[in-house]
Amino acid sequence: MEIGDYQAYISAETMMGPNSARILAELLAQYPLPFASDDRILDLGCGTGLTSLIIARETGARVFANDLWISTEENGKRFAEWGVGGQITPVCEDANNLRFEERQFRALISIDSYHYFGGSKGFFQEKILPFMEDDGVVLIGIPGLKEEYAGRARELLFDWLLEDSDMFKSPKHWKELIGGSDRIERVETWEMDCFYKAWEDWLATDNPYALGDKKYFEGIIKPYTCFVGISIKLKKA
């Protein structure tokens, strides 16, 4: 995908943190999803739906855009205005209690949200895996802790994130948390390359949360954190 194709949709109103479009672009560049129109993708923690729009246009698949904080009415109106209302279904459910059909999705994508709900061992197997098709793909991009600072999140990030510091984990730790299953073929985690550009886009806005983050960028965010990429490939039946 070309990030420029979506520049008109990227704004202080649609971003809820570092530019999710850049995080998604890096994941799709490494793991393209050439899907058909009857394939289904779950965008878990879609926020204002910016990532859902991109997923729909880049893959051609049917997208279910789920977010706990944004109503189906608000996102549905936005999708209609963007011309993708017929391709994207807005959903508003807790990731711990999703109510989809078993093995409904060929892919799941989660940008800048999985760390809020998926940071316990066994979560993936219990709460996510049942909804995934065999041979499916899961792509996750989330903020995390650089590998060399593993285990020191609270010490290093507390002034910025307070109690939420514990959500930031290293790529190796995330691989351990995802864990294994007789349905999982492989799990890969890494420090993503889009860190500076994604943060630069966010900090350039006048969003009050961005202004708060700006105070901590040089002293805490930049030296200690990264974006963690996670790719999970499921086995064929």
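Good morning. I begin with Gly 144, which is buried, with a relative accessible area of 0%. Please bear in mind throughout that this is a predicted model.

Gly 144 belongs to strand β5, which covers residues 132-145. Which residues does Gly 144 touch, once neighbours within four places in sequence are set aside? The contacts are Phe 168, Lys 169, Tyr 224, Thr 225, Cys 226 and Val 228. For orientation, Asn 207 lies 63 residues from Gly 144 in sequence, and their C-alpha atoms are 22 Å apart in space.

Let me turn to the strand as a whole. Eleven of the 14 residues of β5 are buried, so the rest of the structure largely encloses this strand. Two pairings of β5 deserve attention. With strand β4, residues 105-111, β5 pairs in the parallel sense, over six bridges. Within that pairing, Leu 108 stands opposite Val 138 of β5. With strand β7, residues 225-234, β5 pairs in the antiparallel sense, over nine bridges. Here Ile 140 has Ile 230 of β7 as its bridge partner.

I move now to the helices. In helix α1, residues 20-30, eight of the eleven residues are buried, so this helix too is largely enclosed by the rest of the structure. The buried residues are Ser 20, Ala 21, Ile 23, Leu 24, Ala 25, Glu 26, Leu 27 and Leu 28. What covers these buried residues of α1? The cover includes the helices α2 and α8 (195-203), together with β4, β5, β6 (184-191) and β7. The N-terminal end of α1 is capped by Asn 19, which has a side-chain oxygen 3.0 Å from the backbone nitrogen of Ala 21.

Helix α2, residues 50-59, includes Thr 59. Thr 59 has a relative accessibility of 6% and therefore counts as buried. On helices in general, an α-helix has 3.6 residues a turn, so residues three or four places apart point the same way. Leaving aside neighbours within four places in sequence, Thr 59 is in contact with Leu 33, Phe 35 and Ile 41.

Finally, I come to the surface. Met 16, Leu 68, Trp 69 and Tyr 116 form a nonpolar patch there, and together they have about 480 Å² of accessible area. One of these residues, Leu 68, sits in the loop between β2 (62-66) and α3 (72-81). Leu 68 counts as partly exposed because its relative accessibility is 48%.

To close, I return to β5: this strand is largely enclosed, and it pairs with β4 in the parallel sense and with β7 in the antiparallel sense. Thank you.

Definitions and conventions
Residues are numbered from 1 along each chain as its sequence is written. This is a predicted model: local features need pLDDT of at least 70, side-chain atom pairs count only at pLDDT 80 or more; totals for chains, interfaces and linings use all residues. Side-chain values use heavy atoms; hydrogens and water are left out. Patches are made of residues with over 30% relative accessible area and no salt bridge: like charges are joined within 9 Å, nonpolar side chains (Val, Leu, Ile, Met, Phe, Trp, Tyr) within 5 Å. Accessible areas come from the Shrake-Rupley method with a 1.4 Å probe; for residues, only the protein chains shown count as cover. A salt bridge is a side-chain nitrogen of Lys or Arg within 4 Å of a carboxyl oxygen of Asp or Glu. Helices (H or I, at least four residues) and strands (E, at least two) are DSSP runs, numbered from the N terminus. Buried means under 20% relative accessible area, exposed over 50%, partly exposed in between (1.4 Å probe, protein chains only). Contact means heavy atoms within 4.5 Å. Two strands pair if DSSP finds at least two bridges between them. A polar contact is a pair of N or O atoms within 3.5 Å; within protein, one must be able to donate a hydrogen and the other to accept it, and residues adjacent in sequence count only if both atoms are side-chain atoms.
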